[in-house]
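Colleague: Could you take me through how the two chains meet, one question at a time?

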Number of protein chains: 2
Amino acid sequence: MTGVSGAMTDAGGMGITVPAVILVKPQLAENIGMAARAMKNCGLKEMRLVAPEQSPVSETALRASSNSEDILLNARVYATTREALADLDTVYAATARPRHQVKEVFTAEYAATHLPARRRTGFMFGCERTGLENEDISLADAIIEVPLNPEHCSLNLAQAVLIIGYEYYKTTIAPEGRRFITNGGEVASKEKLFKFLDALTGRIRQSPRLKDEEHTRSLLINVSNIFTRANITEQELNSLYGIVNILSDGKKDGK
Amino acid sequence: MTGVSGAMTDAGGMGITVPAVILVKPQLAENIGMAARAMKNCGLKEMRLVAPEQSPVSETALRASSNSEDILLNARVYATTREALADLDTVYAATARPRHQVKEVFTAEYAATHLPARRRTGFMFGCERTGLENEDISLADAIIEVPLNPEHCSLNLAQAVLIIGYEYYKTTIAPEGRRFITNGGEVASKEKLFKFLDALTGRIRQSPRLKDEEHTRSLLINVSNIFTRANITEQELNSLYGIVNILSDGKKDGK
């Protein structure tokens, strides 16, 4: 669909290629593994490592990846940042403190929602101790900053991959902001709900506690509103019938 | 501003109170600490723990919190979920697999951008091993799902807190999607840029390599476009003058 060759596939049919993740000089195998896990969470597939201090397929990395071994097994290792970026078209550098740079800075959301179509892109992350060096950042098209509490904005490596990956993943899907789940059941039809309300009303009207018709009407309107608002399923309606019967039985016995 | 009493403060002046974070039966002190760190990243302040297996102020938790000890020191411990939620008005339950529930499900983004004003809200998270139990979920107003790769959507506790907190934090600020940083310098005025272009043009025109006026004009338009597009700062302009001089010196000497 996109005409882009190579391992990267099309995401969301918009001509956006799946970005590569480049970790520059990562220090800890556990973080490499957790970064792979975060990538898997977010539909990212291609990991590139520049001069890692630990192997991506060490036991520690594989264990930390939590079933994302495929990403680690396919990870490519490069000697220099330039080599790792050479076949990409657009690279964004993730850094919380872009010092001494003249460059555009994107929020994670802006970067993810403005990935250029039909270009091979990458998100680049620095090492745990110091982040990306200025020389690495100077090779990137723009900087990504994750907007966080400025007094406490440090993320570990895998968390940074996760948030930027999460913003990318959101662009590949269109989740409904809200939906209603029903435990496999169906929301009861109005007819069934009204039948229950009628039954309930019948029981209520038998009560000696009702003051007058005005009071009764107000009570029944409240009851109608509560149960109509609640999107009751057929299964729940059965529970409600059961409860009304239980309460009514008590009344029969007690008063 | 909001008339809400208690410890929670107003966020972003919209009458939205800062949500509490409720961790139900967390198992590992390290995760309690990392959740506190994620909360601090995202401007969340109030941690509530339901029957935690480890103390929030254990050495492990404090170390994992990475300078978020204040959140752990102020964390309140409750025996039951009901007690932990009792003084809240609206509670969202974070769970990846909302089984056997009849309830609304919000994406993290929807939940964060639709927090009710002037109500005390909370985000509730389950334990590492099993997540929230159905009884806990039934106490929540709605469910929050983080949209992630459905084949690999498991997040650890602190990561779930981080992503939902991140979506909350974004609603409290209005970051510019893109901005241009200049290493403290100023982007050169057009006058200064044109002066440099004139100087460069003068040097270029001395070259015996120029073919004809059409070729020269095209070359100079390209040069003008490149340098105008690049938002060059005054400091960078000095670097460019230096480079032109270096190259021109070479020409003088060599050819």
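Colleague: Which residue in strand 7 of chain B is the bridge partner of I181(A)?

Modeller: In this predicted model, where local features need pLDDT of at least 70, side-chain atom pairs count only at pLDDT 80 or more, and totals for chains, interfaces and linings use all residues, strand 10 (residues 178-182) of chain A pairs with strand 7 of chain B in the antiparallel sense over 5 bridges. Residues are numbered from 1 along each chain as its sequence is written, chains are lettered from A in the order in which they are written, and side-chain values use heavy atoms, with hydrogens and water left out. Strands are DSSP runs (E, at least two residues), numbered from the N terminus, and two of them pair if DSSP finds at least two bridges between them. The partner of I181(A) in strand 7 of chain B is K103(B).

Colleague: What area do chain B and chain A bury between them?

Modeller: Contact, meaning heavy atoms within 4.5 Å, takes in 54 residues from chain B and 54 residues from chain A. Buried area is the accessible area (1.4 Å probe) that two parts lose on being put together, summed over both. With 53% of it on carbon and sulfur atoms, the area buried between chain B and chain A is about 4,600 Å².

Colleague: Which residue of chain B forms a salt bridge with E167(A)?

Modeller: A salt bridge is a side-chain nitrogen of Lys or Arg within 4 Å of a carboxyl oxygen of Asp or Glu, and the count between chain B and chain A is 8. For E167(A), the closest N and O atoms are 2.5 Å apart, and the partner is K170(B).

Notes
Helix = DSSP H or I, 4+ residues; strand = E, 2+ residues; numbered from the N terminus.
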